[in-house]
Amino acid sequence: ELVQILVSVDAQKKWTSHSLELLSDARAVATRMNGCVGAFFLTTPSAHGFDFNELTAHGCRRVHHLKHDRFTNWSSEAIAAALQAQRSEFARLILLPGTSRGEEVAALLAEKLDTAWIPDALTLAVTRTGTLEISAVLSGGRLSRTFRTNADCVAVVTMRPGVAEIRREKA
């Protein structure tokens with residue numbers, strides 16, 4: 001898995017539109033890097049009844065369904081530790097929701113991985129040489145710039161709802 005994302009469900013156990021947006025962009029990046037997408041999904045041990053086929057339809061090739069009682073209530077530290085432990089050694093991009101909770105996890109995870117955290121991403125692209133380029137809003141929302149990561153570096157990135165588009169995988 002070259003790209004990994006954190007997905008979530010709503011109260012009806014349907015994947016959130018933000019999760020599907022992130023998955024669509026993750027799939028596009030992974031395809032350009034000749035890799036695949038994996039998703040982290042966090043629940044309590046007793047949770048069940050989720051439609052993982054919907055994630056497959058949007059390009060996810062593997063789901064890491066992490067179950068722990070600490071996931072009953074949001075715990076950014078526990079989530080960052082779980083993502084760090086389950087991270088693919090080949091991952092170049094870890095994409096998280098650009099919400100206050102997602103950004104808190106992203107900051108903690110980037111610190112644990114000793115890598116860059118890029119908040120408020122607008123675009124994700126891969127160059128012909130395989131460099132991952134990320135355009136993001138600077139603090140204050142004034143400007144954007146492009147961050148570039150190489151093959152031996154993972155980037156932790158957050159993207160706000162509505163920035164990416166939901167695209168199903170073509171059959």
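Visitor: How many bridges join E5 to E9?
Guide: Two, and strands E5 and E9 (residues 155–159) run parallel. A strand is a DSSP run of at least two residues, a helix one of at least four. This is a predicted model, where local features need pLDDT of at least 70 and side-chain atom pairs 80 or more, while totals for chains, interfaces and linings use all residues. Residues are numbered from 1 along each chain, and side-chain values use heavy atoms, without hydrogens or water.

Visitor: What stands opposite Trp-117?
Guide: Val-156, in E9.

Visitor: In what order do the six strands of the sheet come?
Guide: E3-E2-E1-E4-E9-E5, in an open sheet with parallel pairing (at least two DSSP bridges make a pair).

Visitor: Which are the edge strands?
Guide: E3 (60–67) and E5 (117–118), each of which pairs on one side only.

Visitor: New topic. How do the axes of H3 and H4 cross?
Guide: The axes of H3 (residues 76–86) and H4 come within 9 Å and cross at roughly 50°.

Visitor: What is the volume of the largest pocket?
Guide: About 370 Å³. A pocket is an open set of points on a 1 Å grid where a 1.4 Å probe fits, with protein on both sides within 12 Å along at least five of seven lines; lining residues have an atom within 4 Å of a point.

Visitor: Which residues are closest to its centre?
Guide: Of the 19 lining residues, Val-7, Ser-8, Leu-42, Phe-71 and Trp-74.

Visitor: Which elements give two or more residues to that lining?
Guide: E1 (3–7), E2 (37–43) and H4 (100–113). The largest share, three residues, comes from E2.

Technical notes:
Points joined across faces, edges and corners; volume = space filled by probe spheres on them. Axes fitted to C-alpha atoms, helices over the stretch in contact; angles between N-to-C directions.
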